[in-house]
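Q: I would like to learn how to read the packing of helices and the exposure of residues from a set of coordinates. Could we work through one example together?

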Amino acid sequence: YKGDYSKVIPILIHGDAAVAGQGVVYETVQMANLEGYKTGGTIHFVINNQVGFTTDFDDARSGIYCTDVAKIIDAPVIHVNGDDTEAVAFAAKTAIEYRQHFGKDIFIDMVCYRKNGHNESDEPRFTQPKLYNLISKHPNVREIYKNALIERGAINAEQAEEMDRQFKELLQSKQTQVKEKPIKYQPQKLEMEWQGMEKAKNEDFDKSPDTSISVETYEKIATALTHVPGDFKPLKQIDNLLKERKKMFFEDRKLNWAGAELMAYGSLLLENKIVRMSGQDVKRGTFSHRHAYFFDSETNQPYCQLDHITSEQQKFRIYNSHLSEFGVLGFEYGYAMATPQALVIWEAQFGDFVNGAQTMIDQFISSAETKWQRMNGLV
């Protein structure tokens, strides 16, 4: 939608123990206003049933509220009683209006309970006997709302029964209809993005594909990579770098790692392909090799040479991430899942940084094709 965040509404559903205890929640909340990660405001809906597996909230967190992580970005939190149907609907409506108006994150903490403990075969009384004695005698949400409407005079008992009967009939008729005439499957937009992508065949590996570019393309990119605007004042070291680049691209025509890498990205941008790269210090390159962005020595204004090859090209989407490995790699994995035609790259030092993201590597990157038949082109 060309950057119009009001056209989408991201919703994250959390459990109370997870929102308080999982590090990835903090790491992604901290992305809320960062370039390259912001969503224009996410609605966090917390189903606070006060049981993390079989853990009491006294054992699940130190904070008063499970949603205390919202404080780090000053996001409002609406605490609402899950038994009050209209209050929950009002909270949801308010959250949407807030998000659309301010473009910021907002949390709903719906305090409720879990009827059967962790799952239907679980015996929650092993750890929460007092709580589950209360729950077993507690009327369900539908009964509470029905009784409230009758008490208010909005409906009578006969009407409530009739509405219930009609609704069950509707469900039954729809089920019968689907059995008699199955609905044709409609692929979702995300699946459509993957159409045209084929699984590799053995013969695809017999020889390398031709990825060469023309001399004309090479020179266009090389010109961009050796140019800065007339009023741009680079650091002395960057001035020297530009001279070295000119010699490398136009005289020696033997590229070092950084030159070859930037040339490759530039060639894809000219083909109107999305190139997205993120990680800690990726604009400069952790060991100062890349310099995809220069910064004016007096004004600190940034300049990305790869954005100025031609007027029709894609922009180079390169972002210095916050100091998160687990959250950022998860974000990039999702981005690559939604945008299979893009080149999506996460860069981190091997060892400590990659180890921080190991959960994502084990859980998704190395195993998703086997577990869920989901491919992903994240580099």
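A: Let us begin with a term: contact means heavy atoms within 4.5 Å. The model before us is predicted.

Q: Which residues of H12 meet residues of H14?

A: On the H12 side they are Phe 326, Leu 329, Gly 330 and Tyr 333. Their partners in H14 are Thr 359, Met 360, Ile 361, Phe 364 and Ile 365. By class, this contact of H12 with H14 has seven nonpolar residues, two polar ones and no charged residues.

Q: How is the arrangement of two such helices described in general, and what are the values for H12 and H14?

A: Two packed helices are described by the angle between their axes and the distance between the axes. Here the axis of helix H12 (residues 326-338) comes within 8 Å of the axis of helix H14 (residues 358-365), and the two cross at roughly 30°. H12 is therefore roughly parallel to H14, since angles under 35 degrees count as roughly parallel.

Q: How many residues does helix H10 have, and what distance does it reach from its first C-alpha to its last?

A: Helix H10 (residues 236-252) has 17 residues and reaches 23 Å between those two atoms. This is close to the 24 Å expected at 1.5 Å a residue. The helix is followed by Arg 253, whose phi is positive, near 55°.

Q: Which residues of H10 are buried, and where do they lie around the axis?

A: The term buried applies under 20% relative accessible area. In H10 the buried residues are Ile 238, Leu 241, Leu 242, Arg 245, Met 248 and Phe 249. They lie on the same side of H10, because they cover an arc of only 130° around the axis. On the other side of H10, the exposed residues are Lys 236, Lys 243, Glu 244 and Glu 251.

Q: What do the buried residues of H10 pack against?

A: They pack against helix H9 (215-225), helix H11 (257-270) and strand S6 (294-295).

Q: Which residues of H9 are buried, and which are exposed on the face turned away from them?

A: The buried residues in H9 are Tyr 218, Ile 221, Ala 222, Ala 224 and Leu 225. Their arc around the axis is only 160°, which puts them on the same side of H9. The face turned away from that buried side carries the exposed residues Val 215 and Glu 216. What covers the buried residues of H9 includes H10 and H11.

Q: Let us turn to single residues. Why does Lys 168 count as exposed?

A: A residue is exposed over 50% relative accessible area. Lys 168, in helix H7 (residues 157-180), counts as exposed because its relative accessibility is 53%.

Q: Where is Val 8 found, and what is it in contact with beyond its neighbours in sequence?

A: Val 8 is found in the segment before strand S1 (11-15). Leaving aside neighbours within four places in sequence, Val 8 is in contact with Tyr 1, Arg 99 and Gln 100. With a relative accessible area of 34%, Val 8 is partly exposed. Val 8 and Thr 39 are 31 residues apart along the chain, and their C-alpha atoms are separated by 8.7 Å.

Q: What is the separation of the C-alpha atoms of Glu 143 and Asp 83?

A: These atoms are separated by 9.8 Å, while the residues are 60 apart along the chain. Glu 143 has its place in helix H6 (residues 141-152). At 28% relative accessibility, Glu 143 counts as partly exposed.

Technical notes:
Residues numbered from 1 in each chain as written. Predicted model: local features only at pLDDT ≥ 70, side-chain atom pairs only at ≥ 80, totals over all residues. Heavy atoms only, no water. Axes fitted to C-alpha atoms, helices over the stretch in contact; angles between N-to-C directions. Helix = DSSP H or I, 4+ residues; strand = E, 2+ residues; numbered from the N terminus. Parallel < 35°, antiparallel > 145°, perpendicular 65-115°, else oblique. Nonpolar A, V, L, I, M, F, W, Y, C, P; charged D, E, K, R; others polar. Expected span 1.5 Å × (residues − 1). Buried < 20%, exposed > 50% of the residue type's maximum accessible area, 1.4 Å probe, protein only. Arc of directions from axis to C-beta.
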